[in-house]
Amino acid sequence: MSHPYRDVVIAGVHNTVQARQLEGHDSESITFEAALGALADAGVPTPEVDAVIGAHAQELVLGLRLGPCTRLPWQLGIPIVLEGADLVASGRADVVLIAAGGASMYTDRTATAPWTRPANEFVVGYGLFTAAEFALMARRHMVMYGTTPEQLATVASTIRNNGHVNPDAVYFGRGPFTPADILASRLVAEPFHLLDCAMTSEGGSALVLTSAERAADLPNPPVWILGGASDSYGPAYQIAPAWDIVGRSDVPAGYVGRTAARHAFATAGLAPDDVDVAELYDPFSFEIIRQLEAYGFCPDGEGGAFVDDGNIGPGGRLPVTTDGGTMSYSHAGINAQQLQRVIRGVEQLRGTCATNQVHGAEVAICSNGGSGALFTDVMLLGKERP
Amino acid sequence: MLEPQPVGIPVPNPSPASKPYWEGAARGELLYQRCDDCGTIALRPGTVCGSCLGRNLSWPRSAGLGSLYSWTVVWRPQQPAFRVPYAPAIVALDEGFRMMSAVVGCEPEELRADLPLAVEFHPASDDISLPYFRPRT
């Protein structure tokens, strides 16, 4: 069987300006800016876009005369990039635009951001929010394997320093940080300090997918989807996020994403050793440690030691989240930031990153989600046609 | 000292499937949903057993004794109605199920894995009582 994405290319990517607050924008207007930016990057004129995916797909179809194929997913990120790839691979679309944006959504600053506050009956009375849910997974890993707050802080300082040097990052120039700086920031939900956590910000992000045939005439070097899949262990923020919940498989919820990673590596015909750069989703510092274990970059329980050994920084064995991620680059509301790992992976493989370019990168792993939310999506990108 | 939250926090909105649970809580009883056919305990209340697809689900009463599986101590409240610090926790009950709750009645630094706990109930509104857990000796 030939590779499912052999004829699909990621031809365009774009992040708008990202900021704590974008004056004069709402989610729709910044989504339009992201869409136009990605189409300009791809070199594709708007009349060629026959499929649009995103919360504002219908507005884009009307406003830019695109479509008529549309998808309005409840979440974005890797599953939707894969769905877009399926549309191209099956011939249902020639050019797929995926666009998202968040702005003017977080106004009451006495509470945590609205999308972080679960309302389910079994969690609402206990004051849970995203950081607390993820902390329950992190704490269990610390209990089982002896992972330390210092190791979490090493992840946070590494990723925040990637953002510190990135002029496009919301927190550009805010560092550099040492692990001690992370540990000195105020506690939010133990073991997480403020600087272990994602920020809230505003911005838009978009991608353009097309066929290999169409991409041959486009300006950017093609980036290929080598594999990808998604795991979910149930509805996020409704039940106790216990590490060892198991579903049909024997993989515990703490390693949600492991099945997806195995699937992605099998589709790609690659192994973790083949990966040059890891654009891992970083809602909280601990999530990097458990993903390194879940995807097979180190044995179970040794993610903390892997981080201690300097592997994830610039020039390390596996540079992680090289633009600063959701901690320092941007976390633009509910959806847009879930496209940003794929976008950064594409930029790494093109070799066009202005900061922290991994020299000669040929394979990137990208991810979304996290253990506290009981879902994780994984994707492998490459420079070589699969 | 970790304490129960005052009345005024957001309260649960029971579903048809979970109604017995909240009625039990209002009486000071901790109930859990179990399949009478195969004994599986539900991760969340429903209408069918996920293991055997049986429909004979019942609500036995838990003794309310368990131990601390995982926890966090929150210092930045989800919204101003919550008083900090508070300690959301996953409790492993002796009957073999886990639930979301919060630990009260000790200092945050006393929390540790496997800490023995016992359930107690505190009102969150006129209709709703929330289960909390307190360390036991």
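**Notebook: chains A and B of a predicted model**

A:Thr321 has a positive phi of about 45° although it is not a glycine, and its place is in the loop between α10 (303-308) and α11 (325-328) of chain A (helices are DSSP runs of H or I with at least four residues, strands are runs of E with at least two, and both are numbered from the N terminus).

I note that this is a predicted model, in which local features need pLDDT of at least 70 and side-chain atom pairs count only at pLDDT 80 or more, while totals for chains, interfaces and linings use all residues. Residues are numbered from 1 along each chain as its sequence is written, chains are lettered from A and ligands numbered from 1 in the order in which they are written, and side-chain values use heavy atoms, leaving out hydrogens and water.

I then looked at A:Arg65, which also is not a glycine and has a positive phi, of about 55°. A:Arg65 lies in the loop between α2 and β3 of chain A and is exposed, with a relative accessible area of 73%. In that loop I also found A:Pro68, and the peptide bond from A:Gly67 to A:Pro68 is cis, with omega near 15°. In chain B, the peptide bond from B:Val84 to B:Pro85 is cis as well, with omega near -5°. For comparison, I recall that most residues other than glycine have a negative phi, and most peptide bonds are trans.

Next I turned to the interface, where 36 residues of chain A are in contact with 39 residues of chain B (contact means heavy atoms within 4.5 Å). The area buried between the two chains is about 3100 Å², of which carbon and sulfur atoms give 61% (buried area is the accessible area, with a 1.4 Å probe, that two parts lose on being put together, summed over both). A:Glu121, A:Phe122 and A:Tyr126 supply 24% of the area that chain A buries against chain B, more than any other three residues.

I searched this interface for salt bridges and the rule finds 1 (a side-chain nitrogen of Lys or Arg within 4 Å of a carboxyl oxygen of Asp or Glu). The side chains of B:Arg98 and A:Asp244 meet in a salt bridge, at 2.9 Å from N to O.

How values were computed
Buried means under 20% relative accessible area, exposed over 50%, partly exposed in between (1.4 Å probe, protein chains only).
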